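Hi everyone, thanks for coming. Today I'd like to walk you through one protein model, side chain by side chain. Please have a look at it first.

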Amino acid sequence: MEVETPAAALAAGDELRRLLAATLSPDKAAVDAAAAGLDRVAADPRFPLAILAVAAGDGDQGIRVAAATYLKNYTRRNLEGSLSSSGVYKEFRDQLAQALLQVEPAILRVLIEVFRQVVEKDFVKENLWPELIPQLKLVLQNSNLVGQGQHPEWNTINALKVLQAIVRPFQYFLNPQVAKEPVPQQLEQIAAEILVPLQVTFRHFTDKVLLSPDGIKLEYEQLLLITCKCMYFTVRSYMPSRIKQILPSFCKDMFRILDSLNFSSLPEDGATMRLKVAKRCLIICCTLVTRHRKHADDQMPRIVNCAIKISKQSINLSKLDSLPNRICSLAFDVISRVLETGPGWRLVSPHFSSLLDSAIFPALALNERDIAEWEEDTDEYMQKNLPSELDDISGWTEDLFTARKSAINLLGVIALSKGPPVASAASKRKKGDKSKGKSERSSIGELLVIPFLSKFPIPSHGEDASSMTVHNYFGVLMAYGGLQDFLTEKKDLTVTLIRNRILPLYSLDPCSPYLISTANWVIGQLALCLPEAMNANIYHCLMKALTIEDVEDITCYPVCASASGAIAELIENGYAPPDWLVLLQAVVKRISTGDENESALLFKLLGTIVEGGQEKVLPHIPEIVFNIACLIMKLLPPAPEPWPQVVEQGFAALVAMAQAWESSAPDENKKHEKMVWQSGQSAISRTFSSVLRKAWLLPTEVTELNFSSALPPPSCVNDASVLLEFIMRSVTCVEEAASMKVFELVAVWADTIAYWDSWEEMEDQGVFNTIKEAINFHQSFDFTGFFLKMLPSQSESDSQSSVIGRVSNFVTRATAAYPSATWRACSCIHTLLHAPNFYLGIEDARKDLAVSFAKAAFSRLESVSDSPAGIWKPLVLAISSCYICYPDAIEQVLHNYDGNGYAIWTSALAQVSSTSFSPGLSSASEIKLAVLTLAKVVERLLAHSMGGTKVLQDCYTSLMESCIHLKEVEEDGDNEDDDGDEDTFFECEDEDTEDDDEDSDDDDVREETEEEFLERYALAAAGESIEVVEEGDIDEETQDIELGSLDEVDIQQVVLSLMQNQPALQAQTLPDSLVERITETFPEYGHLFKVHRLA
């Protein structure tokens, strides 16, 4: 593409517009052809300038947006490479900045993303754009709304958007691991040259917005909003020195904006921008209180007054939309944060009574919007009004988003705060007596909050939702739920409140569903501190709520859902219902009669009951499994569509019951119990088989007739895998496997996971476990080699593959997923290579698997090879298993990686096998594999005349260390039990210490200083960095891997034979300490090491 001459540029622009227009076509072929054409012309060095000219020029806006979007993606792909190194890059950068000042909003939104990438690289990271800030300062001074018409083409809003993009990266610490990171030079420059002068403009805009006769100046309000965002990004982490100077003036203007808010009437259509400005001002206030107290102390009284004034408008919340609600929420959050600071008590305590009466309680009371949401969107109602995430009441809680949640949080903070010291005459201590005379401090919860809530009476019989008494008592219950932390410390008060203020609600006739659902929620919130003597009465009330029917035209779904959650909390905290069967039957009955949302919640409760009931519910599990399975099969969609949530929760409940049953297996010597248990296992397996056949096989039959793809949906793959694992483990004969169609189920399951790419750490473990159980099943019952036969795939590709091949494809892809998946995948690699019956004629399939596994494992190893990491071990051992099986093929595969892949792997193998590596080899099977592989590597290195090289020396040293390690592990297998006893002793000591610490006086806890906060922040950031590199399951760092026939190899004989048959090893030297350990551990090797000692 030639663009050097005007004519060529015009032709190139026309060609670009034609290609971009084609990308908007509904014809997929035309779009693909246009995309390929754009990729071709993008190879020209001047392409960025040409497509920028299209995006910023005249013409059809759709084509220009497409040009800007393509440029954004092009920049993302090439900025670190060809784009930044090209000769036109500086010209492109300057033209981009100029274009941003003039384009309309639709184009600006896309091009600003391009600019943000350039700024982050050139200005923030590399500081290679010194002229940027002076030029932007000049542009702002002469833009259309600030200057006197000197450059009307420079849009002030656009210029501020550019400033916002420049300052945005500084909202986070650039070097978070540095405790006292100085303010970046670039940010100091922005503050001095732009933000300080901009303060005068900000005040001017504020005057125009607040004093204008018409009350609405949308353009100026937008400028205020962008300026506030720029200021927020500037001070969120840092505090530039020049910002400290203008902070009082800026805060004064913010307070004027906040004081102008009035929610007594519905906001006008054009007032949204003003509300957004106010929201951003409150977010800045939160930041100043949290991060920059010493610079904002003078502003704290005004911050508190503004926040309190806004919070007292919560009485109007039922009439307001989400944005005013969010503003009230932030006002409550500001007060909470101030109250957690040193001067917080002095500033906020005078307002406690008025806050409770005029701000907090109105936000908690039932209103018309709540009743409407209850009927129109019960899930939204529950999320807003029955929150489960208020476990930690704190002034530092972020993003509560609704005024009610923030009010609950503030109430909890107030209740936990201590009142002024009260010293009685009896408490006056004598001189030198430090044990007496400590001032007694009562919490505000006791002095003010509880008495305030107690003045609201319980509704009487027959009062409906329109009653003010019901509205107010709803607020009382919401308040009790937010006092969880306070009430946990006041057990006697909790008993009184439950007995006198909550349980009587369940006796009202009729019961108000709004109150009962909230009472259920309160009980769930207070489950940790409920007295044991009241549990039975509480449980009876919750069971009544669980089985409540709809009241006239009011749905009782939130009542049932909150009762379900409260019962689950009781059980999880150790309460045992008087009759588990009655509870199970009630839940199953409710599931069968309720709607899908309700049933999904009750399935969760069912899982909790099974886990909590243990042996009390075990006899009922086969029957419950059957009933639940019947319900699930009715809810399964007839065609392969994604399953609804209720089905997914049903599968989760079946998994909980399967795991509970398996964990209850009696000892072999208890023959009668074992026989009963096996009978139940068989019944459960048949039921699970019916469910999976309905889910996987029947939809397949339907889709073969009606759809192009016969593969069932990948819903609940992990849970369904657990059920399949249970079935395979229960099979005792081939006939039983045939009757439950196990082979067919395994084939469909393997096809489903073959191209799985929705990796989630907790959601995939069942698949890996099922893979190993499938191999066990194959060894025991697959007499015809079904797992190795080529079967037609049910996917659209219509290809053929074996069960082993499909599973192996999943494992290969898993090596590149998250670290825990890599550990599990590598464990499966050993199983797949060494366990299946690769009979004659299928050996090539095994070789193909080994090559595929080795490629995948080495690719992952290469990606983390910069520094030793824990994930090296599973990857190195996986390659070792492949290498032991086919050394020539795997060596060739590794050599194909830039010619040094083999050296990288052998070096990593030597490191992982050494005693200094962590996590080192720990199980006997891991060490055996390492010894066998090292012996083979040493032998082949010598065969390639590599004696005397460092890699041979390292491998030989690690080989001998591993031999000693293996002998020690085999001889000292019982040491873990002894260590466990010692650990228990020390753990007990630690617990005692913790108890002693808890008894200590914590009244003198001081506020964390800024320096301490930054130090803690840096340590946390460093810890997260390490965790990312070392992430992986600790439980999986020690694993017994499958070695198949290799497990029978005489390791000592292999090593001895190597040393005897390879005279060249005599030339290798070993450290004296290692030679001494070898001769002590293996005296028969002594004569071979006489020449190995170092001089």
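A quick word on the source. This is a predicted model, in which local features need pLDDT of at least 70, side-chain atom pairs count only at pLDDT 80 or more, and totals for chains, interfaces and linings use all residues. Residues are numbered from 1 along each chain as its sequence is written, and side-chain values use heavy atoms, with hydrogens and water left out.

Let's start inside. A nonpolar core here is a set of buried Ala, Val, Leu, Ile, Met, Phe, Trp, Tyr and Cys residues joined through side-chain atoms within 4.5 Å. Buried means under 20% relative accessible area, exposed means over 50%, and partly exposed is in between, using a 1.4 Å probe and protein chains only. The largest nonpolar core has 367 residues, and Leu111, Phe115, Ile628 and Trp749 touch the most other members. Which helix gives the most to this core? It is helix α12 (residues 272–291), with twelve residues. Helices are DSSP runs of H or I with at least four residues, numbered from the N terminus.

Thr287 also lies in helix α12, and at 8% relative accessibility Thr287 counts as buried. Leaving aside neighbours within four places in sequence, Thr287 is in contact (heavy atoms within 4.5 Å) with Tyr232, Val235, Arg236 and His292.

Now to one helix, α19 (residues 378–385), where Thr378, Tyr381, Met382 and Asn385 are buried. Where do these buried residues fall when you look down the axis of α19? They fall within an arc of 95°, so they line one face of the helix. The arc is taken from the directions from the helix axis to the C-beta atoms. Among the elements covering them are α20 and α22 (468–482). Helix α20 (residues 403–416) is also the place of Ile408, which is buried at 0% relative accessibility.

Next, the rings. A pair of aromatic rings is described by the distance of the centres and the angle of the planes. Rings of Phe, Tyr and Trp (its six-membered ring) pair if their centres lie within 6.5 Å; planes under 30 degrees apart count as stacked, over 60 as edge-to-face and the rest as tilted. The whole structure has 30 aromatic pairs. In one of them, Phe202 and Phe250 have centres 5.0 Å apart and planes at 35°, so the pair is tilted. Phe202 is in helix α9 (residues 185–211) and Phe250 in helix α11 (residues 241–259), 48 residues apart, and the pair links distant parts of the chain. Phe452 and Phe456, in contrast, are edge-to-face, at 5.6 Å and 75°.

Last, the charges. Side chains of opposite charge can pair when their charged atoms come close. A salt bridge is a side-chain nitrogen of Lys or Arg within 4 Å of a carboxyl oxygen of Asp or Glu. How many salt bridges does the search of the whole structure find? There are 35. One joins Asp259 to Arg302, with the closest N and O atoms 3.2 Å apart. That pair links distant parts of the chain, from helix α11 to helix α14 (residues 300–311). Asp259 is partly exposed at 31%, and Arg302 is partly exposed at 36%.

How values were computed: Helices (H or I, at least four residues) and strands (E, at least two) are DSSP runs, numbered from the N terminus.
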